[in-house]
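Q: I am new to this structure and would like a close look at one part of it. Please take the place where two of the chains meet, and then set it in its surroundings.

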There are 4 protein chains.
Amino acid sequence: MTTRNEPLRAAILGATGTVGQRFVTLLAGHPWFELTAVAASERSAGKLYRDAATWIQTRPIDDAVAAMPVRTIDELMDRDFDIVFSALDASVARDVEPRFARRCLVVTNASAHRMDADVPLVVPEVNPDHLSLLSPPEDGKALPAGIVANPNCSTIGLVLALKPLADAFGFERISVVTLQAVSGAGLPGISSYQILDNVIPWISSEEEKLEIETGKILGRAAGGTIEPAEVAVSAQCNRVPVVDGHTLCISVDLKGEPAMEDVREAWRTFRAEPQERGLPSAPAQPIVYLGDDEPPQARVHRDLGHGMTTSIGRLRECPILGYRFVALSHNTLRGAAGGALLAAELAVARCGRRAA
Amino acid sequence: MTTRNEPLRAAILGATGTVGQRFVTLLAGHPWFELTAVAASERSAGKLYRDAATWIQTRPIDDAVAAMPVRTIDELMDRDFDIVFSALDASVARDVEPRFARRCLVVTNASAHRMDADVPLVVPEVNPDHLSLLSPPEDGKALPAGIVANPNCSTIGLVLALKPLADAFGFERISVVTLQAVSGAGLPGISSYQILDNVIPWISSEEEKLEIETGKILGRAAGGTIEPAEVAVSAQCNRVPVVDGHTLCISVDLKGEPAMEDVREAWRTFRAEPQERGLPSAPAQPIVYLGDDEPPQARVHRDLGHGMTTSIGRLRECPILGYRFVALSHNTLRGAAGGALLAAELAVARCGRRAA
Amino acid sequence: MTTRNEPLRAAILGATGTVGQRFVTLLAGHPWFELTAVAASERSAGKLYRDAATWIQTRPIDDAVAAMPVRTIDELMDRDFDIVFSALDASVARDVEPRFARRCLVVTNASAHRMDADVPLVVPEVNPDHLSLLSPPEDGKALPAGIVANPNCSTIGLVLALKPLADAFGFERISVVTLQAVSGAGLPGISSYQILDNVIPWISSEEEKLEIETGKILGRAAGGTIEPAEVAVSAQCNRVPVVDGHTLCISVDLKGEPAMEDVREAWRTFRAEPQERGLPSAPAQPIVYLGDDEPPQARVHRDLGHGMTTSIGRLRECPILGYRFVALSHNTLRGAAGGALLAAELAVARCGRRAA
Amino acid sequence: MTTRNEPLRAAILGATGTVGQRFVTLLAGHPWFELTAVAASERSAGKLYRDAATWIQTRPIDDAVAAMPVRTIDELMDRDFDIVFSALDASVARDVEPRFARRCLVVTNASAHRMDADVPLVVPEVNPDHLSLLSPPEDGKALPAGIVANPNCSTIGLVLALKPLADAFGFERISVVTLQAVSGAGLPGISSYQILDNVIPWISSEEEKLEIETGKILGRAAGGTIEPAEVAVSAQCNRVPVVDGHTLCISVDLKGEPAMEDVREAWRTFRAEPQERGLPSAPAQPIVYLGDDEPPQARVHRDLGHGMTTSIGRLRECPILGYRFVALSHNTLRGAAGGALLAAELAVARCGRRAA
């Protein structure tokens, strides 16, 4: 059993892909978690991490991780971890994650179990209380067992932008058109020949995810399950030749016809549990409102708050739904590894493992 | 006076920019128009066209035009033309175009006079009858005097996609989010440093143009003016790193809740006056419906029908407005020079200058 | 046996990839060849071509081909063809191509057999006489059996630019740095996440191919084999975020210190056997010299001569080797399917099947 | 007079452009320099900096600078500064810089005076002793008067890569082909319509700068002037669609035919005066050799050492000059503002203003 201030033993499943690489980068020097194993597909297993990963992060690989042998997932099944970060493909995650989840906390970026009734789908600033679906840690365990899912990368920016509006005003209808970066498709992901000088106005299952996950995240935890929010979401998703950063054009029908200044104020004053608890990966400001005339831009604003801040701009009237604006969120930081890590930190803090 | 089958004498104002270059390319070998002069800013005047233009078309400059001297606009004021194609900036067009329009037909891509009460804003397949705003040609003239305006490049794709739906069903609300190519901003236009690896979710005045022009184009010509259609348009415009081709994500509330198959059928069977008259620049199919699962893509589909065909795909239910789809239109061909040329051809044909 | 003017029966191996798609496009309506079968990997076999191919050409699929069933390579082994176009991966081509080559002419874009002693590596304007390595057609056959290989896409632009200089002056040392388009890597090829906002200054085996193929192509056919030219080639290859078109920065030590004007003249006056024979795919000008101050640009010039013309510009002194210039060649037209098709046409014409 | 540890009063000329913005960012919180004024063109003068600059850095503008009024250059002429950083265009710099240089130190990124006999053209790790061209500070002055020039952005990567080889082996001939980022052209710089899906194999005056500056920088300071190194440089420059980072393909004829391992060792062990003096902007490693099989990539490696480290990889034999490799340098950090700032720090340290 780990004592209160020992580092928590962590593993990464799917460690060589784009999200896996981001987990590796973010866990380097993390104050709470110690990366003790990395797993990937059979093709990579047996190699050192530095040889198995086509490293494409701008920060070099942490030396200790670079020299780690890559394991198969099966090899990790028998080992003891406090927490497992999953960057697996959904098809693999479906079977693998529940097996780990019997023994430890699995924080996953995969979509396989997001809509499971007993799996909290968590954006820490939006629905931290959904973690109550997890049972308390068993005796001798540092953390609860179970799965905590990170939503789809484009959903996260949407619900972060909407949360202060949900709290302050409420709404029933959302229209969102996304312009999504190629990194969201992982590696190899989109072929360069397909996306250079092009827009692909379709992303497999993405619209469905946005439309269904939004309701769950904005819903209420009650009686061991989540009652989804009643909100109609129309999503149209586009892939654009951008490296990182999803841009969202959002319209919404805020209740009570609030003044524009009140809407801006709702965003500007927004703080949430991760900020209050001072979680290591929590940005000082989860949301920045840039200005009515200042659009959030992928390359310019995606790294705000170390890629954890959602930028919003161009609030204005919508002749259809009443209110329109543009939001931007970093899809592999806040939208994947960074968001999952923050959810993990929240889960740790909530079960009393670390002081605020 | 030109006789019936002599070529019509044409000039291009603003001939060295991206739209001007497209006019030059399209007029090379045109069966009706003969390019007899090119004008540009003081900076270019006096040079040969080949030296004045930073030529960026894939087709080489027509030899005859390459050797033409570039004139100032003032130098052209005293010369005789049947038709003037204007690719001027709006600020210059405001004063210049009316001066030419007293003596000949001005077909313009500039926005300056689009919303003038007496100026038809024409997409030939959508509102050919708006040309009735022009008076008949004066004695001894081949063509009417006056201004015919080409709408904004993103408006054109929108109204083309909507026209068959307006005819078959009608609607009151449209929501459109655009992903627009950089060529729409002309030269120098958007700096490469601003748009590479980026999305700019704002284009100066573009949303206003889309929202207001759509009503005029879909409106009715009556009593020497245009009664705009009553339709609420919400437009959100984005610049993306694409060379040519505007992608539009469109939602619309079709009246009578037609079956999806009826909507597809409306597009598939659509033909209009330019096709019936066999205008030289008219595409065989103004609209192609690609399929429910086949999204129109900028690089793949923009050149359909020599860049004059609007591609549509992904028709599906919208939880907000009822119907959603994606459309794509070439912004410097159909959306600028090609569209203006087709409007010119329509004006010529309508006043009996050329047989169908 | 086919008679003299019947179309030659053709098949494409690897028909669904980028080069295969180009073959399909170029063979549509070809005056000599009739596409009678398409083959691809097991994954595609059994589907209709339109469903098996992720079509990314701007010209729609020819209707007849769209409806063709995709076969496995083994299924084609027993059928009768006059000519087989191979767009296979080198690893597959190694075994497959010789099996077809026993019975018919195989014109291949794969690298597997390029350096085989008995395989002509042909750029039709550069070394047409290397086709003499093929034996004459057997009785009852329209074409010789055997393999004709198309060189590497970057080699082709290099040797085309050099051929007139080899004829007029000779040289011993060549330095070439390439900036290569992503289409050269096929599909899926380079991940968009790797190449957007990036240069990858390495392409697997590309430099070796350029350095070794150049000598063979510029060599002499003698005694049933090729005596390579004695030339030292230094190649450095880079992948850049460009769709189509390889740019080559070339330095060369021309013998006899010719005047710059003589070098330009050598390019300007260059014509070769494909032009003399009037082959269907031969460009009027295999080489265009754009000017001392006009650099060939990928997007602007790659389509000259239907993608079969090499553009050259910026001839100037090199302080190291004496002469420098820039060349551009379309890598999937001249550099792959178009070049292979022209070589096939040359082989057909050389054995008397078609008049000039 | 400023005392030894007071901050040095700094101004930026041309503060709103891309290099000016980088100066603003780098001077925020600088331990030695305090930005006290910003100047730009007449068009910007009078506005607050935040309104005058089209800010495109990922780090937000420092608050104090955002609120600074932008001055004209003339307005700064009468004010007192210890140091002026110039990001002016060469045409403006020609007259302006000498006027400031009579009274204070001007560290410039402009090309106007780079080749002046009395102006040190300094890359701090390469030729720190060229600063000896400056006279010692006059009484009452903290720093010398005069101009210190930063070389061209592509030259800097070249000479940094070559310096260890010059020290260890020497050479006489260099061939370099560059693939340069668009940020090197400033704002508006290259139009996006020109560079998307394109390579432009020409940059105005760039090859000349590379060829001539290299000799000066690698030359010897003697008798109040610089005796250029005797080295033949062949440069071919290309603009590619990359945001930041210049890639250089370099060949060189090292004397004495050193073993490859000795070449790598020369790079690996390289340290220089900025590292020894611990200058604030000096990277721990001015050069990183990535590996024989690891090419430096613009997006992946440009930010190493906060954009001040030159990455090198792919050392191998060159059949023409003997040795080949690829180098990468950040063009607006090391290649412009960062390099100039490091040169300024070196000048300060060399005249005893700050301890090592």
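A: What follows describes the contact of chain B with chain D, and then the relation of chain A to chain B and the inside of chain A.

The model is predicted. The contact between chain B and chain D is made of 17 residues from chain B and 17 residues from chain D. On the side of chain B, the element that gives the most is helix α7 (residues 192–195), with four residues. Sorted by class, that side of chain B holds 10 nonpolar residues, six polar ones and one charged one.

The two chains are related by a rotation.

Chain A is superposed on chain B by a rotation of 180 degrees, with 0.0 Å of shift along its axis and an RMSD of 0.0 Å. Here 97% of the interface residues of chain A are also interface residues in chain B, so these copies too meet through the same surface.

Chain A is divided into domain 1 (8–152 + 337–350) and domain 2 (153–330). The C-alpha centres of these two domains of chain A are 24 Å apart. Where they touch, domain 1 gives 31 residues and domain 2 gives 32 residues. On the side of domain 1, the elements with two or more residues in the contact are α1 (18–27) and α13 (333–350) of chain A. The largest share of that side is that of α13(A), with seven residues. By class, the side of domain 1 has 16 nonpolar, 11 polar and four charged residues.

Helix α6 (residues 153–168) and helix α9 (residues 260–268) of chain A pack at an angle of about 115 degrees, and their axes are 9 Å apart. The crossing of α6(A) and α9(A) is right-handed. A:Pro164, A:Leu165 and A:Ala168 in α6(A) meet A:Val263, A:Ala266 and A:Trp267 in α9(A). The residues of this contact are six nonpolar, no polar and no charged.

Technical notes: Residues numbered from 1 in each chain as written. Chains lettered and ligands numbered in written order. Predicted model: local features only at pLDDT ≥ 70, side-chain atom pairs only at ≥ 80, totals over all residues. Contact = placed C-beta atoms within 7 Å. Nonpolar A, V, L, I, M, F, W, Y, C, P; charged D, E, K, R; others polar. Least-squares fit on C-alpha atoms with pLDDT ≥ 70 in both. Axes fitted to C-alpha atoms, helices over the stretch in contact; angles between N-to-C directions. Left-handed = near helix turned anticlockwise from the far one by under 90°. Domains from an automatic or database assignment.
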